[in-house]
Amino acid sequence: MAVLLIASALLMVALPGLSNFAREQRLRAAAFDLIGDLLLARSESIKRAADVTIASQGGDWRNGWRVTVAGGFDNGLALQQRAGIGPQIDVAATAQSLTFDRNGRLRGGGDAQLALNDVVRRETRRCIRIELSGNPISQPGACQ
C-alpha cells in the first residue's frame, strides 16, 4: 500500500512536466516537418526549373499541406503531402500558399511567416520565416 501511495505521489508531480514536454515536442516536430517541406519545395523548384507550390489543405495549415509542381513538364505533380498537425497547435500564416520560382526564390516578393502557436498556453512557440531568397528559418518565440 505504501508503495502505491509513493508511486501515485511521484506520478502526480511528474505528470505536468510530461505534458509540457509532449506539447513542446509536437511543436518542434510540426516545425521540423514544415521546414523540411519548404526546403523540398525550394530545391525541387531549382532542380526542375519550374514553380513549386506548398499550400495549406483547405486554407488552414493545421489541416496539413501539400507540395506540388506548379509549372513546367510535371504541372500538378504532388511531391509531398502532410496530414494535419493536431488540434493543440495553431498556425498563423501570412499566406495560405507559397510558391518558389525556378531560382528557388519566393514568388510575390517580401518575407512570409508562419507562427506555430500552442493552443493550451495561448502563446507563439515557434516562428518560421521564409526570406525573399527562399531560405526558411525556424526560430523559437514569436514572429517579428
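User: Is D37 buried or exposed?

Analyst: Start with the cut-offs. Buried means under 20% relative accessible area, exposed over 50%, and partly exposed in between, with a 1.4 Å probe and protein chains only. D37 has a relative accessible area of 2%, so it is buried. A word on the source: this is a predicted model, where local features need pLDDT of at least 70, side-chain atom pairs count only at pLDDT 80 or more, and totals for chains, interfaces and linings use all residues. Residues are numbered from 1 along each chain as its sequence is written, and side-chain values use heavy atoms, with hydrogens and water left out.

User: Where does D37 lie, and which residues is D37 in contact with?

Analyst: Helices are DSSP runs of H or I with at least four residues; strands are runs of E with at least two; both are numbered from the N terminus. D37 lies in helix α1, residues 2-48. Contact means heavy atoms within 4.5 Å. Setting aside neighbours within four places in sequence, D37 is in contact with I54, W65, V67, Q80 and R82.

User: How do I read strand pairing, and which strands does β7 pair with?

Analyst: Two strands pair if DSSP finds at least two bridges between them. Take β7, residues 123-130, which pairs with β6, residues 112-118, in the antiparallel sense over seven bridges. Here L114 stands opposite I128 in β7. On to β8, residues 136-140: five bridges join β7 to β8, and these two strands run antiparallel. P136 in β8 is the bridge partner of I130.

User: What is in the turns of these hairpins?

Analyst: Look at the number of residues between the strands, then at phi. The β6-β7 hairpin has four residues between its strands, and R122 in the turn has a positive phi of about 55°. The β7-β8 hairpin has five residues between its strands, and G134 in the turn has a positive phi of about 100°.

User: Where does S133 lie, and which residues is S133 in contact with?

Analyst: S133 lies in the loop between β7 and β8. S133 is partly exposed, with a relative accessible area of 33%. Beyond its neighbours within four places in sequence, S133 is in contact with R42, G104 and R105. C143 is 10 residues from S133 in sequence and 18 Å away in space, C-alpha to C-alpha.

User: How far apart are A93 and A112 in sequence and in space?

Analyst: Read both separations together. A93 and A112 are 19 residues apart in sequence and 7.7 Å apart in space, C-alpha to C-alpha. A93 lies in strand β4, residues 89-93. At a relative accessible area of 26%, A93 is partly exposed.
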